[in-house]
Amino acid sequence: MYAVVLAVTALALVGSGSAQPQPCCTPNQWEATMVEAQGYVQNMQPKTLVGTIEVSYDFDNKKMAFNQRLNNSGTPILVKVIINYNEGKMYSISGGVCTELDAPTPDMPQQCISAGAMFERTMRLGGPGGLEVNSFGLWNVQGVAYGTAQMTSRDCLPVTEVLIAEQTGQVLGSVQAIIFDGVTTGIKDPSVFDPPSPPCNSIPDAHHQESRSVGTPFFQRTLGRFAIPVF
Ligand SMILES: *[C@@H]1O[C@H](CO)[C@@H](O)[C@H](O)[C@H]1NC(C)=O
C-alpha cells in the first residue's frame with residue numbers, strides 16, 4: 001500500500017516537474033538596451049528603422065524611462081521619455097526641449113507575456129552552458145501584429161522579440177526584430193526617472209501627440225500604439 005502511494009506521489013511530482021512553461025511577468029525592476037531593426041513599407045517605399053532604446057522599468061515605484069536613439073530611414077529620432085504613473089505625468093525631452101504630457105494610461109502596465117500566449121519551445125542560446133530561454137507565440141499584439149518573444153527560463157527577463165504586422169494605417173507591412181542587450185535587474189541610478197529642471201513646458205491632455213511607441217509588445221502597451229512611425 002505504502003509503495004503504491006509513494007509511486008503515485010512520485011509520478012505526480014514527475015508530472016508537475018515536466019509541466020510546460022507558462023506565460024510570465026518580468027521582475028519588477030530591470031534595465032536593458034533594446035537593439036532594434038525594423039523594415040516596413042509606406043507609400044510603396046521600403047523604409048528602415050534601426051537603433052537603440054535604453055529602457056528602465058520600475059514597477060515597484062511605477063516609473064519608466066526610455067532613451068531612444070533611432071534612425072528612421074535617415075531621419076534621426078532622439079527622444080528621452082520619462083513616465084511617472086504616480087503623478088500621472090509623461091516627460092518627453094528632445095533637442096533640449098522638455099514637454100510635459102499626461103501619462104498614456106492611468107495605471108502602469110505590468111510587463112508580462114499575455115496569458116493567451118502559447119508556449120512554443122525551450123531553447124538554449126549560445127552553445128553548451130548558454131542561456132536557456134522559453135519562446136512564446138504572440139497573437140493580436142495591439143490588434144495588428146503577431147510574432148514571438150523569448151524570455152529567460154529562470155527569471156522571465158526579455159531576450160529577443162520578432163513582430164510582424166500586415167497593415168497599420170498607411171503602413172502596409174512591417175517586420176521588427178529586437179534584442180535586449182545588457183539586461184540587469186534593479187535600477188542602477190533612480191535619477192534616470194527625474195525630469196529635467198527647470199520644469200518642463202506643460203501641454204495638458206496632449207499625450208495623443210506622442211508620435212511613436214517603443215518596439216515591443218510590452219512597451220507598446222505602455223504608450224498605447226504599435227511601434228511604427230505615425231503619419
Ligand atoms: C540612417 O539610415 C540611412 C538609411 O535609411 C543611412 O543611409 C544613414 O547612413 C543612416 N544614418 C546614420 C547616422 O546611421
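**A close look at S56**

Guide: The side chains of S56 and E31 are joined by a polar contact of 2.8 Å. Keep in mind as we go that this is a predicted model. To find S56, look in strand β2, which spans residues 45–58. Is S56 buried or exposed? S56 counts as buried, because its relative accessibility is 6% and the cut-off for buried is under 20%.

Now let us see what surrounds it. Setting aside neighbours within four places in sequence, S56 is in contact with W30, E31, K63, M64, A65, I187, V192 and F193.

W30 leads us onward to the largest nonpolar core, which has 25 residues. Within that core, W30, F66 and I83 touch the most other members. At least two of its residues come from each of β1 (29–42), β2, β3 (63–72), β4 (75–84) and β11 (171–185). So much for this core; another one, of twelve residues, lies apart from it, with A117, F136, V141 and C156 among them.

Let us finish with the ligand. T48, N71, S73 and G74 surround the ligand. The protein covers 27% of the 360 Å² of accessible area that the ligand has on its own. Its shell is made up of four polar residues, with no nonpolar and no charged ones. One of the shell residues is N71, and an N or O atom in the side chain of N71 is 2.5 Å from an oxygen atom of the ligand.

Technical notes:
Residues numbered from 1 in each chain as written. Predicted model: local features only at pLDDT ≥ 70, side-chain atom pairs only at ≥ 80, totals over all residues. Heavy atoms only, no water. Near = heavy atom within 4 Å. Polar contact = N/O pair within 3.5 Å; in protein donor to acceptor, adjacent residues only side chain to side chain. Areas by Shrake-Rupley, 256 points an atom, 1.4 Å probe, with all protein chains shown as cover. Nonpolar A, V, L, I, M, F, W, Y, C, P; charged D, E, K, R; others polar. Helix = DSSP H or I, 4+ residues; strand = E, 2+ residues; numbered from the N terminus. Buried < 20%, exposed > 50% of the residue type's maximum accessible area, 1.4 Å probe, protein only. Contact = heavy atoms within 4.5 Å. Core = buried A, V, L, I, M, F, W, Y, C linked by side-chain atoms within 4.5 Å.
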